[in-house]
Number of protein chains: 2
Amino acid sequence: MKPHTKTFSLRTVEWKNNAVVMIDQTKLPNKLVFVKYTDYKDVANAIKTLVIRGAPAIGVSGAFGLALAALQSKARTKEKLVGDLEKARKTLFETRPTAVNLAWGLDKIMKVANEINDVSEIKKSIIQTAKRMAEEDIETNMKMGKHGSALFSNNDTIMTHCNAGALATVGYGTALGVIRAAKENGKKIKVIATETRPVMQGSRLTAFELKHDGIDVSLIPDTAVGYAMSKGLVNKVIVGADRILRTGHVYNKIGTYQVAMMAKQHKIPFYVAAPLSTFDLKSDPKDVIIEQRKSTEVTQIGDRKTAPDDITVINPAFDMTPPELISGIITEAGIAKQPFEESIKKLFKSRL
Amino acid sequence: MKPHTKTFSLRTVEWKNNAVVMIDQTKLPNKLVFVKYTDYKDVANAIKTLVIRGAPAIGVSGAFGLALAALQSKARTKEKLVGDLEKARKTLFETRPTAVNLAWGLDKIMKVANEINDVSEIKKSIIQTAKRMAEEDIETNMKMGKHGSALFSNNDTIMTHCNAGALATVGYGTALGVIRAAKENGKKIKVIATETRPVMQGSRLTAFELKHDGIDVSLIPDTAVGYAMSKGLVNKVIVGADRILRTGHVYNKIGTYQVAMMAKQHKIPFYVAAPLSTFDLKSDPKDVIIEQRKSTEVTQIGDRKTAPDDITVINPAFDMTPPELISGIITEAGIAKQPFEESIKKLFKSRL
């Protein structure tokens, strides 16, 4: 597989000389620090303390954690090695037990271990599989970029919300991957990033990674979305997704819905970029529970209080953008369009 | 004039025993501290350092500053006293030279000084005039409350953006004054306050003053406006205004426009509350320049950086809400309704 280093210099997580190298995202945007781990327990701790975040990124990190555990194991038999791996899997899993991708990454590696008999072959194969998972994540993002890039024109200014970037994936990113691809195709692109309160992924991560890659990016407070659109500063919008239903209902970071609605009112195309693994083909909107996050995200920043003590806070993690506000959903298999139910079905069929 | 202390315990600025007493708003929301000044230079400094802010509040503070200057003056002749006042007027004016209300408050006092001949009569009359200006600000707000209160129903949850409250006026508030009036009329009212990035007047001031008055208030990040409306958590919206044109175009804190648009899409009535002094009957939308504020409001909170160094920031102070999104504009003379141009003209005529 060819290396993907053309225009994206940020790689969130990587396997290098029998070690896992990650960007320490807790230090962003002030410092770009890479950390190197050779003990799976350090990887577990990194996931737990948000050194690394973003569903695809932590899925692959879990797999790399197990690869380290395999190397660390002194087992001479398959049974002992699988036992050591099982212990490591448990430690890694418990760092973010509700993350679907983490369980997926760990299970995939355990399956490899169980299928092979020779101890050194198991170790070799685990490392290879984990590395392939990382490459596949980037491949998926680049395919999305290829499909999505055609939707953007030279001199477009694209608004994005939250961070669906290299820093949420192994590299390249989903929504920001499409922006990177458009730029690689020779289009002059500007980006407007929303701050994305309360956790500020827009200012901390998106502004950082685009600036780092030399992409023209401006930051706005979330309150200036309507202003920017009404002043003609925005041609397109692109965001990522946490979950997409078969009907085209998109669950994504809180604030996405109002960005989509404002875009519709200003006749600005609104796109979503997400891999097929993000689709939940079984649930209906009424089944999806939107979790509330802790109030201190809204009432203080660092140690600094910004609201009165004991104030009641409504702090939903996500909101739902209905299909009628969405111009297209960009996946690695192509672009789903209205009516989404039919179009999404086709994309999945094309993958069989 | 009867005292207005029924249900609002917060008085932003007040004349008490030949001194000016203010809430130090730089200490909010963590501490409610009152400061007392007997030197006009301290009042000037308070305006400059945002101990007090909000157009009506600083207009009256300027007048109180001149009242202190009159008391401080040792002049025995009218000429000397007016000279001392002129010097104080200059110092006070230069604290916020673009604030229309500050110039208005200072001019009104200077006119009193120029019209009377006896030194001790001038001093007495200045103090009386300044006190009357403060009372009139509250009277105006209470009249707005009386008119506006009828628009709200028992068990309404009202969303508000920024702080159009007691803390922006001498007391009672404009938009929050209407909420207070609805509550005084026996209606059960809940409020949802938006954080209002970047300066966070919603969390720092609105949440504080409503909670202080025992009004049920919840705080949301600006990104959760659409979520709250789509979940049926909001029945009405009310905001203040910085400037209203004869056509009903409303200039208010950045973010107001998108709150209004989201309200329209969810069929939630959107009201503006502002005194007639807020109306600019001469300008057209094309004449109104929206100032950009400094980027550090968006890139750091206190000393804590939240965005990469040297990032480009778009940070408009205000946005424009077009008349078609507005259900009514509540003034002390009554409520303007669509079509606004005609309705606003009538309100002004009724005051002649």
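Me: What makes residues of α2(A) and α5(A) count as meeting in this predicted model?
Reply: Contact requires heavy atoms within 4.5 Å. In this predicted model, A:Pro56, A:Val60, A:Ala63, A:Phe64, A:Leu66, A:Ala67, A:Ala70 and A:Leu71 of α2(A) meet residues of α5(A), among them A:Lys123, A:Ile126, A:Met133 and A:Asp137. By class, the contact of α2(A) with α5(A) comprises 13 nonpolar, no polar and 3 charged residues.

Me: Why is α2(A) called roughly antiparallel to α5(A)?
Reply: The axes of α2 (residues 55-72) and α5 (residues 119-149) of chain A come within 9 Å and cross at roughly 165 degrees. Angles over 145 degrees count as roughly antiparallel, and α2(A) is therefore roughly antiparallel to α5(A). The crossing in which α2(A) passes α5(A) is left-handed.

Me: How do you know that the two copies are related as by a two-fold rotation axis?
Reply: Chain B is superposed on chain A by a rotation of 180 degrees with 0.0 Å of shift along its axis, at an RMSD of 0.0 Å. The two copies are thus related as by a two-fold rotation axis. In chain B, the C-alpha nearest this axis belongs to B:Asp222, 3.3 Å from it.

Me: How many residues of domain 1 of chain A are in contact with domain 2 of chain A?
Reply: The domain assignment gives domain 1 (13-138) and domain 2 (143-350) in chain A. In chain A, 15 residues of domain 1 are in contact with 11 residues of domain 2, and the C-alpha centres of these domains lie 28 Å apart.

How values were computed
Residues are numbered from 1 along each chain as its sequence is written. Chains are lettered from A and ligands numbered from 1 in the order in which they are written. This is a predicted model: local features need pLDDT of at least 70, side-chain atom pairs count only at pLDDT 80 or more; totals for chains, interfaces and linings use all residues. Side-chain values use heavy atoms; hydrogens and water are left out. Axes are lines fitted to C-alpha atoms, for helices over the stretch in contact, and angles run from 0 to 180 degrees between N-to-C directions. Helices (H or I, at least four residues) and strands (E, at least two) are DSSP runs, numbered from the N terminus. Angles under 35 degrees count as roughly parallel, over 145 as roughly antiparallel, 65 to 115 as roughly perpendicular and the rest as oblique. A crossing is left-handed if the near helix is turned anticlockwise from the far one by less than a right angle, and right-handed if clockwise. Ala, Val, Leu, Ile, Met, Phe, Trp, Tyr, Cys and Pro count as nonpolar, Asp, Glu, Lys and Arg as charged, and the others, Gly among them, as polar. Copies are superposed by least squares on the C-alpha atoms of residues with pLDDT of at least 70 in both. Domain bounds come from an automatic or database domain assignment.
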